[in-house]
Amino acid sequence: MAVLIALYELSAGGGVMRDGLSADIIDIWIWNLEEASTSQAPYLATPLTARELDAAARFVHERDRRRYIAGRSGLRRIVGSYLGIEPNRLSLSYNAYGKPRIAASNGRMLHFNLSHCGGMAALAVSSCYQVGIDIEEVRPLKEDNVSRFLSPKEETALAALPAAQYRRAFYSVWTRKEAFVKAIGVGLSFPLDAFDVTVGDGLPPRLERLDADGNTPADWSLFDLEMPHPFVGTLAALTAGKHVTLNYRDENALLFMSNGHPERNDWPPHQNDGSQAGLS
């Protein structure tokens with residue numbers, strides 16, 4: 001919960017992060033949705049719109065409702081803090097497939113994408129690049145459903161892996177594919193067999209084939225995300241071959257920033273090739 005309290009302090013303080021995102025950096029925010037307990041739900045719901053509150057009310061289970069509210073509240077507080085806009089005044093619009101974007105009335109462009117799974121949420125924010133993010137919890141698979149998520153090449157590569165690597169590798173492939181289709185903004189209406197991604201931990205995340213998008217695989221950058229066990233995640237960004245670094249913003253970074261130190265970041269940056277700077 002401290003992460004969202006810190007976000008409230010940031011937004012109430014006039015947007016500490018405003019104009020703090022450079023073109024060659026994509027910020028990644030990861031937070032725990034379970035910290036939104038029943039007693040804190042009214043506070044979290046404060047910046048939500050009527051549309052978002054209606055969506056929350058449609059959840060059958062209270063836990064799922066709280067998670068949704070914590071995710072949307074975090075999104076509004078984080079994105080609003082970049083723009084110097086109060087979370088409840090942040091105006092979002094949606095494309096035909098439901099992907100949210102900054103409405104023109106906010107006066108500034110910012111790219112972002114949110115993913116949540118189980119009790120975790122992840123948000124990507126970029127000043128320049130179209131982004132998509134996906135996180136998944138590694139859990140038992142229904143083998144008869146696996147093939148419908150993969151291209152023939154990916155299915156063959158996955159089947160060749162040792163049994164001990166298969167399940168995690170599948171979820172890594174799935175997040176790479178889901179992040180890409182979220183980035184282009186059409187969701188699962190884009191044929192999943194129209195592109196290939198790399199398979200297996202030994203290969204850096206990347207697009208190997210892409211049909212019917214108008215861009216080439218080299219125009220896209222994929223990044224494996226650092227996620228707490230048992231989650232995996234991927235960021236996809238339309239960088240057009242430009243060098244980009246991921247900057248992780250965790251709870252500690254938020255607290256440092258609220259004290260006037262936005263440059264503090266203890267996470268090692270991720271490079272385009274999936275490696276971590278400064279690590280052997």
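Both Trp-29 and Tyr-82 are buried, where buried means under 20% relative accessible area, exposed over 50% and partly exposed in between, with a 1.4 Å probe and protein chains only. This is a predicted model, in which local features need pLDDT of at least 70 and side-chain atom pairs count only at pLDDT 80 or more, while totals for chains, interfaces and linings use all residues. Residues are numbered from 1 along each chain as its sequence is written, and side-chain values use heavy atoms, leaving out hydrogens and water.

The structure holds 9 aromatic pairs, a pair being rings of Phe, Tyr or Trp (its six-membered ring) with centres within 6.5 Å, called stacked if the planes are under 30 degrees apart, edge-to-face if over 60, and tilted for the rest. The ring centres of Trp-29 and Tyr-82 lie 6.4 Å apart and their planes meet at 85°, so this pair is edge-to-face. It links distant parts of the chain, since Trp-29 is in strand E1 (residues 25–32) and Tyr-82, 53 residues apart, in helix H4 (residues 62–83); helices (H or I, at least four residues) and strands (E, at least two) are DSSP runs numbered from the N terminus.

Phe-180 and Trp-220 have ring centres 5.0 Å apart and planes at 80°, so they too are edge-to-face. Phe-180 is buried, with a relative accessible area of 0%, and Trp-220 is buried at 5%.

Elsewhere, ring pairs link Phe-149, Phe-170, Tyr-171 and Trp-174 into a cluster.
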